[in-house]
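Please look over the sequence and the structure shown here before reading on.

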Amino acid sequence: MKLLDVAIIGGGPAGLSAALILGRARKQAVLIDESRPRNAVTREAHGFLTRDGISPNEFRGLAKEQLSNYPSVSLAEDTVMSIEGEDGCFRLKTAQGKRITSRKLLIAVGMKDRPLDIPGLSEVYGKSAFVCPYCDGWELKDEPLVVISRGAALMHFAPLLSGWTKRFVVCTNGPDELNEAEREELRNHQIPLFDSPIRLIDSSAGMVKQVVLEDGRALPCTGIFFKPELVPGSDLPQSLGCRVSEEGVVSVDEFGKTSVPGIYAAGDAASRMHQAIAAAASGAMAAASINNELNKEAWLRE
């Protein structure tokens, strides 16, 4: 069985960017991805210089086309089921029965959404309901919006969103988890707060019309921002002994190194800043660090 230099697990911006750097560095690498990206629901991806507004599907297609220029990089549509071994020789098994060995690992599995139990949300998610104003706030600037959030997350998000629009109300979909000072802060900024559970989101062709509450009130709006519940894209980092936060974020240093020798992590798997351009940058940094480590090891062997 051929020993590859690097196995990259996850084919989002972080994994694709890492594959490009490693290909250009003449490293034998495989990128393994199950082709179920979190941003598949989104029509357009924003904030990526030279690619602002591109569809996620087109972005991945262009990335793979460019990777084809580097024959040392291969792509596999598959799922890694288990990993054994240690720095210098990791042994991977996939759902399709493939066995892969590599000197280093780069985990770029991202995060996955745990759907909120709100009728109608899935119909508008990625079309008129979003999670990140940096990604989609411009398209909804000065529009009347509904924010679905509560507690500390809400008190972070409300001032942030106010840079794009002042015309928003808050639905906490149950107890607001705020103290009186925080409620007063929202009142001072003339932000209405509704703690009635949400009955449904009324929409047409993916475009939200109104949010209907259980108490009968209807809140007209043209867009929604909501706080998603995220879970790690894979439990592989934990199974390998990598240090992971309570939120499931892999702990890494500035070069993407995890707490386990030979294992790196990049992108949303290792960051709370869930933006494509940030993920791509972290993938490039981790790949450069891996390449440097491999080159030093080869230098010493020779």
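The sections below describe two residues of this predicted model and their surroundings.

## Threonine 258: position and burial

Threonine 258 is found in a loop, between helix 7 (236–239) and strand 17 (263–265). Its relative accessibility is 11%. Because buried means under 20% relative accessible area, threonine 258 counts as buried.

## Threonine 258: contacts

The side chain of threonine 258 takes part in polar contacts with the backbone. A polar atom of this side chain lies 3.1 Å from the backbone nitrogen of valine 260. The side chain of threonine 258 also reaches the backbone oxygen of isoleucine 263, at 2.8 Å.

Apart from neighbours within four places in sequence, the residues in contact with threonine 258 are Cys242, Val250, Ser251, Val252, Ile263, Tyr264 and Ala265.

Asparagine 173 belongs to the loop between strand 10 (168–171) and helix 6 (180–188). With a relative accessible area of 24%, asparagine 173 is partly exposed.

## Asparagine 173: contacts

Although asparagine 173 and isoleucine 198 are 25 residues apart in sequence, their C-alpha atoms are 5.5 Å apart in space. A polar atom of the asparagine 173 side chain lies 2.7 Å from the backbone nitrogen of isoleucine 198.

When residues up to four places away in sequence are not counted, asparagine 173 touches Ile118, Arg150, Phe194, Asp195, Ser196, Pro197 and Ile198.

Methods. Residues numbered from 1 in each chain as written. Predicted model: local features only at pLDDT ≥ 70, side-chain atom pairs only at ≥ 80, totals over all residues. Heavy atoms only, no water. Helix = DSSP H or I, 4+ residues; strand = E, 2+ residues; numbered from the N terminus. Buried < 20%, exposed > 50% of the residue type's maximum accessible area, 1.4 Å probe, protein only. Polar contact = N/O pair within 3.5 Å; in protein donor to acceptor, adjacent residues only side chain to side chain. Contact = heavy atoms within 4.5 Å.
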